[in-house]
Amino acid sequence: MQTEEIKIHNGEWLTDALKRQGYENIPSNVILDKTLTGLGATHTELHSNRNSIIIEPNVPVIIEKTKDNPDWLAVWEKCTPSKVEKYLQSTNKRKKLICTPESFSKIRKAANKLNLNIYTDYFCLMDECEKFIQDVDYRKRITQPIYEFFQFQQKALVSATPLEMRHKELVNQNFRILKIVPEYDYRKNLEVIVTNSYDKTVKSKLDDLQDSPCVCIFINSTNGINKIINTLKLTDYKVFCSNQSVKKLKEREFDNVYEMLEPLAKYNFFTCRFFSALDIKLKQKPDILILTDLNEAVYTMIDPFTEAIQIQGRFRNGFNSLTHISNVKIDLDIMSKEAIDGMIEEFETTHSDLKDRHKQATDKYRKQAISQDMEAVKYADLLDEQGNINYFSVDNLYNEERIKGYYKTKESLFNAYNATNHFNVTDASVIELLGEDDLLTLRKAKTDIEKRRLLTEQLSKLYSNQDKVDISFYLDI
């Protein structure tokens with residue numbers, strides 16, 4: 001895929017850089033790699049002199065962008081089909097619809113009913129395009145509009161942190177990359193704390209921030225949020241998460257839980273729904289804390305190349321400090337690209353065999369049994385609703401293994417952060433000879449043999465450092 005670089009100077013907006021390059025608007029059939037968050041890509045499209053459909057991955061962004069402009073329509077779960085029809089028939093000179101992926105069908109159906117051709121009359125922009133890869137494993141319907149997207153004559157994908165995409169239509173339709181290149185130092189200071197005593201380190205950091213007027217904590221685990229609030233007995237807090245997580249936390253008697261952005265409290269928790277696209281404008285500069293606890297869940301891993309960049313970019317008026325606390329696991333099982341390719345081939349072979357058997361079966365109940373098996377095999381997770389391969393699901397497999405590779409060792413995580421070129425990284429790691437996480441791993445060991453192996457490793461480490469520790473204390477344990 002060809003790449004065209006466009007320089008941008010300090011203080012400029014995306015429109016300034018595009019116009020200097022000869023583009024009045026965002027051009028068609030491009031992946032616009034903004035490099036920086038907050039350059040105004042959606043703003044550029046919303047104020048362009050053409051009809052637009054902008055697909056945003058999450059509802060809070062849509063509500064936030066349309067709340068002050070009655071001429072723009074937010075299309076999401078609570079927007080009725082009749083409202084979409086009425087808007088498409090309105091006298092607005094330039095129509096701007098901002099929708100979730102799952103609600104795009106409302107626009108298509110309304111246009112069909114009114115005999116309007118959105119594919120020729122509208123520009124379609126898919127914002128934060130990496131989310132369609134990152135979220136598809138637990139949010140299958142997020143990729144529903146992709147067939148329609150490639151039918152638009154005028155279209156583009158955009159993000160400050162796009163991921164590699166393997167969809168064949170990108171090649172068939174000659175997409176190219178438009179790379180924004182800042183002509184100034186845009187790196188932000190970041191403190192990375194790798195630790196083997198996660199809970200203690202988080203508590204210590206929050207103690208250090210007790211005088212901060214606003215602490216924003218990004219962690220993709222409601223259980224992890226629950227643990228921090230209860231352990232530290234926080235009262236002045238708010239949790240921002242999906243509707244499903246809101247229900248889950250309210251069942252645990254948490255009251256300050258929201259699925260839309262509200263005025264912030266002293267302590268604010270955000271799950272991945274709020275990692276990207278949203279503008280958070282505060283009078284005071286917050287302290288940002290990113291948390292990864294592999295003992296809690298592997299999905300708390302934060303990708304330095306996408307999520308960490310997006311998180312710090314939420315705060316349009318800047319921030320006071322940025323810290324990522326994480327533990328690591330040397331025994332993380334990571335598949336190579338070749339291993340993933342082989343795995344997918346085996347999934348496909350199994351599914352294909354079942355498909356052939358289904359065609360040949362004549363008994364009704366045998367067919368039903370084979371259909372159930374076809375739905376249960378792993379390859380079914382890689383298919384879209386039309387039964388075709390979902391390239392975003394395949395991209396998701398490769399992406400997850402890439403991120404896991406950063407969390408095997410402290411060095412691999414630091415190397416990743418340095419390679420982003422977005423951060424001035426400071427190492428503030430807290431590695432104890434015998435940390436809380438080491439003891440937790442020992443307690444979680446499933447067999448006596450595994451426990452003895454781990455115990456021997458820890459004792460060996462302690463003996464080799466017995467000039468620094470009271471070895472008898474640990475031997476008693």
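These are my notebook entries on a predicted model, written as I looked things up.

**Entry 1**

I began with the strands. I reminded myself that strands of a sheet pair through backbone hydrogen bonds, either parallel or antiparallel. I then found an open sheet of eight strands with parallel pairing, in the order β12-β11-β13-β10-β14-β15-β9-β16. Which strands stand at the edges? They are β12 (257–258) and β16 (423–427), and each has a single partner strand, so one side of each is left without a neighbour in the sheet.

Strand β11 (residues 237–240) and β12 run parallel and are joined by two bridges. I noted that Val-239 stands opposite Val-257 in β12.

**Entry 2: strands that pair with β8**

Next I turned to strand β8 (residues 176–182), which pairs in the parallel sense with strand β1 (residues 3–8) over six bridges. What is the bridge partner of Glu-5 in β8? I found Lys-179 there.

I also looked up strand β2 (residues 30–33), which runs parallel to β8 and is joined to β8 by four bridges. Here Ile-31 stands opposite Ile-177 in β8.

**Entry 3: the two faces of β4**

I picked strand β4 (residues 72–75) to see where its side chains go. Trp-72 and Ala-74 point one way, while Leu-73 and Val-75 point the other way. Are these residues buried or exposed? All of them are buried.

For pairing, I found that β4 and strand β5 (residues 96–99) are parallel, with four bridges between them. Leu-73 stands opposite Leu-97 in β5.

**Entry 4: helix α14**

Time for a helix. α14 covers residues 337–360, which makes 24 residues. From its first C-alpha to its last, α14 reaches 35 Å, close to the 34 Å expected at 1.5 Å a residue.

Which residues of α14 are buried? I wrote down Ile-340, Ile-344, Phe-347, His-351 and Leu-354. The cover over these buried residues includes α15 (364–376) and α16 (391–404). That sent me on to α16.

**Entry 5: helix α16**

How many of the 14 residues of α16 are buried? The count is eleven, so I noted that this helix is mostly covered. Among the buried ones are Phe-392, Val-394, Leu-397, Tyr-398 and Ile-403, and also Asp-395, Glu-401 and Lys-404. The buried residues of α16 pack against α7, α8 (146–149) and α14.

**Entry 6: the largest pocket**

I then looked for open space. The largest pocket holds about 1400 Å³. It is lined by 42 residues, and the closest to its centre are Asp-135, Tyr-138, Arg-139, Ser-242 and Cys-272.

Which helices supply at least two residues each to this lining? I listed α7 (131–134), α11 (222–232), α12 (243–251) and α16. The largest share comes from α16, with six residues. By class, the lining of the largest pocket has eleven nonpolar, 15 polar and 16 charged residues.

**Entry 7: the cavity**

What about enclosed space? I found one cavity of 30 Å³ or more. About 40 Å³ of space lies in the largest cavity.

Which residues line the largest cavity? They are Glu-130, Lys-131, Gln-134, Phe-275, Ser-276, Thr-306, Glu-307 and Gln-310. The elements that give two or more residues to this lining are α7 and α13. I sorted the lining into one nonpolar, four polar and three charged residues.

**Entry 8: Phe-305**

Last, I followed a single residue. Where is Phe-305 found? It sits in the loop between β14 (287–292) and α13 (307–312).

I then asked what Phe-305 touches, leaving out residues up to four places away in sequence. The contacts are Thr-161, Arg-402, Tyr-406, Ala-416, Ala-419 and Thr-420. I also compared Phe-305 with Leu-163: they are 142 residues apart in sequence and 9.0 Å apart in space, C-alpha to C-alpha.

Conventions:
Residues are numbered from 1 along each chain as its sequence is written. This is a predicted model: local features need pLDDT of at least 70, side-chain atom pairs count only at pLDDT 80 or more; totals for chains, interfaces and linings use all residues. Side-chain values use heavy atoms; hydrogens and water are left out. The expected span of a helix is 1.5 Å times one less than its number of residues. Buried means under 20% relative accessible area, exposed over 50%, partly exposed in between (1.4 Å probe, protein chains only). Contact means heavy atoms within 4.5 Å. On a 1 Å grid over the protein atoms alone, a cavity is a set of points where a 1.4 Å probe fits but cannot get out, and a pocket is an open set with protein on both sides within 12 Å along at least five of seven lines; lining residues have an atom within 4 Å of a point. Grid points are joined across faces, edges and corners, and a volume is the space filled by probe spheres set on the points. Ala, Val, Leu, Ile, Met, Phe, Trp, Tyr, Cys and Pro count as nonpolar, Asp, Glu, Lys and Arg as charged, and the others, Gly among them, as polar. Two strands pair if DSSP finds at least two bridges between them.
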